[in-house]
Amino acid sequence: VNVVAILQEFWESKQKQRAVFPSDGTVVYESLSSLGPPFVSYVTLPGGSCFGNFQASGTFHSLIFFFFLLEKNCLSRAEARRDAAKVALINSLFNELPCRRITKEFIMESVREAVSSTSGNFKDADDPSTSIGAYHYMLESNIGKTMLEFQELMIIFQLLHWNGSLKALRETKCSRQEVISYYSQYSLDERMRSHMALDWITKEQESPGIISQELQVALRELEEARKAGQELRFYKEKKEILSLALSQIYSDQATSSSQDDQMSLALHGYH
């Protein structure tokens, strides 16, 4: 079975139905550079959800009725790509189930679970200024969507929280409802990643070495999540943003060094 082709056809079909994300329906693969096995591959679906080859024996745990055997270790890049496609296909099919669509019943159950896990108050669900209320508001704003579609928005707020932007917005007296309404209009693109990278460059100036530390954490989380068969978008975006910040710092240092060398040569010639 050509699972790579099946996954592509599935998302092209969804695009033709215009039932999902406003993209070209392309499934994108990325292989980590490696001199030998085990090989690692990521696959990003339209909308941004990301999965990797599931480096463990047994069955994929998140789809309890779908027993899909996966390789323990991938001995080639092609094998890693196929396994990543298997995981992505399982999740794509799972996303089609009625239980994965945001309904009134789903919202009530999700809010109930959130209240239970945070020891909060169910009355907070009607107050957007609280965490439970903000979560309730986000769900209500996305009623009818699937969980993969809703996840696109959730990843943005996860990154804003990790980045410290949400805390900064609260200090400006912006309400949670205003922040949600504002960022709900945007998608996670290169422009937003660049802004977040600039924030981390500022943090690096205040606490030298913090980007490298965060990058090590992000890489470890990404690897652990991949081996566990989890969705990887949040961890992979953290890695991309931090890597972008580091590359910008090194680029600026190289430019500054080059300019210093040129100035030194000019002064030497002048003297």
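Residues are numbered from 1 along each chain as its sequence is written, and side-chain values use heavy atoms, with hydrogens and water left out. In this predicted model, local features need pLDDT of at least 70 and side-chain atom pairs count only at pLDDT 80 or more, while totals for chains, interfaces and linings use all residues.

The secondary structure of the chain consists of ten helices and three strands. Helices (H or I, at least four residues) and strands (E, at least two) are DSSP runs, numbered from the N terminus. Along the sequence, the elements follow the pattern α-β-β-β-α-α-α-α-α-α-α-α-α. Of the 271 residues in the chain, 40% are buried; buried means under 20% relative accessible area, exposed over 50%, and partly exposed in between (1.4 Å probe, protein chains only). Contact means heavy atoms within 4.5 Å. Among contacts between residues at least 6 apart in sequence, 60% join residues at least 24 apart.

The three strands form an open sheet in the order E1-E2-E3, with antiparallel pairing. E1 and E3 are the edge strands, each pairing on one side only. Two strands pair if DSSP finds at least two bridges between them. On average, neighbouring strands of this sheet are turned by 20 degrees against each other, direction ignored. Strand E1 (residues 28-31) pairs with strand E2 (residues 41-44) over four bridges. In this pairing, Val-28 stands opposite Thr-44 in E2, and the bridge partner of Tyr-29 in E2 is Val-43. E2 also pairs in the antiparallel sense with strand E3 (residues 50-52), over three bridges. Thr-44 has Cys-50 as its bridge partner in E3. The hairpin of E2 and E3 has five residues between the strands, and Gly-47 in this hairpin takes a positive phi near 105 degrees. In a regular strand the side chains alternate between the two faces of the sheet.

Helix H5 (residues 147-163) and helix H8 (residues 190-206) have axes that come within 11 Å and cross at roughly 15 degrees. H5 is therefore roughly parallel to H8. Axes are lines fitted to C-alpha atoms, for helices over the stretch in contact, and angles run from 0 to 180 degrees between N-to-C directions. Angles under 35 degrees count as roughly parallel, over 145 as roughly antiparallel, 65 to 115 as roughly perpendicular and the rest as oblique. On the H5 side of the contact are Ile-156, Leu-159, Leu-160, Trp-162 and Asn-163, which meet Met-192, Met-196, Asp-199, Trp-200 and Lys-203 in H8. These contact residues divide into seven nonpolar, one polar and two charged. Here Ala, Val, Leu, Ile, Met, Phe, Trp, Tyr, Cys and Pro count as nonpolar, Asp, Glu, Lys and Arg as charged, and the others, Gly among them, as polar.

Helix H4 (residues 131-141) has as its buried residues Ile-132, Gly-133, Ala-134, His-136, Met-138 and Leu-139. The cover over these residues includes helix H3 (104-118), H5 and helix H7 (176-183).

Glu-237 lies in helix H10 (residues 233-270). Glu-237 is buried, with a relative accessible area of 6%. Not counting residues up to four places away in sequence, Glu-237 touches Leu-159, Leu-188 and Arg-193. Glu-237 and Leu-159 are 78 residues apart in sequence, and their C-alpha atoms are 8.1 Å apart in space.
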